[in-house]
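Reader: Could you walk me through the place where the two chains meet? I'd like the cut-offs too, please.

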2 protein chains.
Amino acid sequence: MLYLIGLGLDLKDISLKAVEALTKCSKVYLEIYTTALPYKKAALEKLIGKKVTIAVRETVENNSKEFVKEAKKKNVALLVYGDPLAATTHISLLQEAKKLKVPVKVLHNSSVFSAISETGLQLYKFGKTTSIPKWQKDYKPTSFFRTIEENLSIGAHSLVLVDIGLNIEEALHELNEASQGKISNIIVCSRLGTDEQYIVYSTLKELLKNKKIQLQVKEPFCFIIPAPLHFTEAEFLELF
Amino acid sequence: MLYLIGLGLDLKDISLKAVEALTKCSKVYLEIYTTALPYKKAALEKLIGKKVTIAVRETVENNSKEFVKEAKKKNVALLVYGDPLAATTHISLLQEAKKLKVPVKVLHNSSVFSAISETGLQLYKFGKTTSIPKWQKDYKPTSFFRTIEENLSIGAHSLVLVDIGLNIEEALHELNEASQGKISNIIVCSRLGTDEQYIVYSTLKELLKNKKIQLQVKEPFCFIIPAPLHFTEAEFLELF
């Protein structure tokens, strides 16, 4: 059996069902290539009472067949920060498992997709999600901004994820370049669902120059570009 | 302290953090007016080792001030199926608590917003969420369909929630009336994230007349109206 287990957003967000499943597993992998964890691997190992093997993209994605095959003979768990299927990359594991007739159990958990409700914005009003890729010297795609514009055209908020390895300053810079002055207010959410949760609502212009705010933003973080606000949303955002 | 605790989708989806918080609470409420639970209250009480008081809308929403006040003197928990802030109604509790200076902790959990990834559709491609209200004899709003059309205009999938008290037959009927032949394929998801999970991908026309499928759909359930599919999404949907 292959268990795809969501860790949720904080160390102790793991579910009773997951803890139970882990007792049956002889191998436990931890996926760390799609998101940065807000806690140490050792703390997780202590909590679940199991040694955890770091899974790199090479193992899980590029050799997904081999990875899934291991779960044919024994119980294997892949721990994923947030919800295990929020990233499309893990959906392909389900398909691989179907092909190889390996049974899979998915254990969902909280993720950034629900925790953004902490901003007071209505989850119902979020449109498509996009993400800011790390720009290379000669490859600087701005197409992620098109999704934001599409969402704005139907009055939908945009959740903007930020690729791993991109710091707040770089991410704000890329957003600024791509948007070419077309957006004003943004929300930055850092470490949602943890005791270190930090939310700031400001203008992109202000955030670009405010190093003090930037220093308070830790991984994982994301942006929200709000569409026109309902008055209860506006009222709530004033708190940040 | 007021704890807003997400129960996730299945009985044992409750987190270690939540179990820990509950040991500190002298009063535990269970919210059952926004979603139908797929398990019995008694099973939950046994699991957490606490008596649970059913919270009706009258108590939490209409008398939110009184409700929050109770948490001024003691630790009170409100258990909510799924994620506690997914429904806007609980965001207003946060605001009330701020006004009354009652500290609040939100413990997120999995919800239908992430579990729809079980369909193989990319979470990134979901647009705004809408819900089908229970029609009254002389009030039959179809405006929820506008959101689906807006989403389709930008190539986004639509998650369509179904109001509590509406059975599958009624919900399909309302969707059919409101859409006036403008949609073909739909996905029905029943009891996502539980062992009874049931997903069906078919045409609205077929589902309307297929009583055998309808009988397999239990509360809670939701619909998804897919936008044009990526080939990996199409491939995955063929499994259902």
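Author: Here's a look at the interface between the chains. This is a predicted model, where local features need pLDDT of at least 70 and side-chain atom pairs count only at pLDDT 80 or more, while totals for chains, interfaces and linings use all residues. Residues are numbered from 1 along each chain as its sequence is written, chains are lettered from A and ligands numbered from 1 in the order in which they are written, and side-chain values use heavy atoms, with hydrogens and water left out.

As for contacts (heavy atoms within 4.5 Å), 53 residues of chain A touch 53 of chain B. The copies meet through the same surface, because 100% of the interface residues of chain A are also interface residues in chain B.

Together the chains bury about 4,400 Å², with 62% of it on carbon and sulfur atoms (accessible area, 1.4 Å probe, lost on being put together, summed over both). Of the area that chain A buries against chain B, Leu16(A), Tyr124(A) and Ile154(A) supply 17%, more than any other three residues.

Now the charges: the rule finds six salt bridges across the interface (a side-chain nitrogen of Lys or Arg within 4 Å of a carboxyl oxygen of Asp or Glu). One of them links Lys17(A) to Asp10(B), with the closest N and O atoms 2.8 Å apart.

Technical notes
Buried area is the accessible area (1.4 Å probe) that two parts lose on being put together, summed over both.
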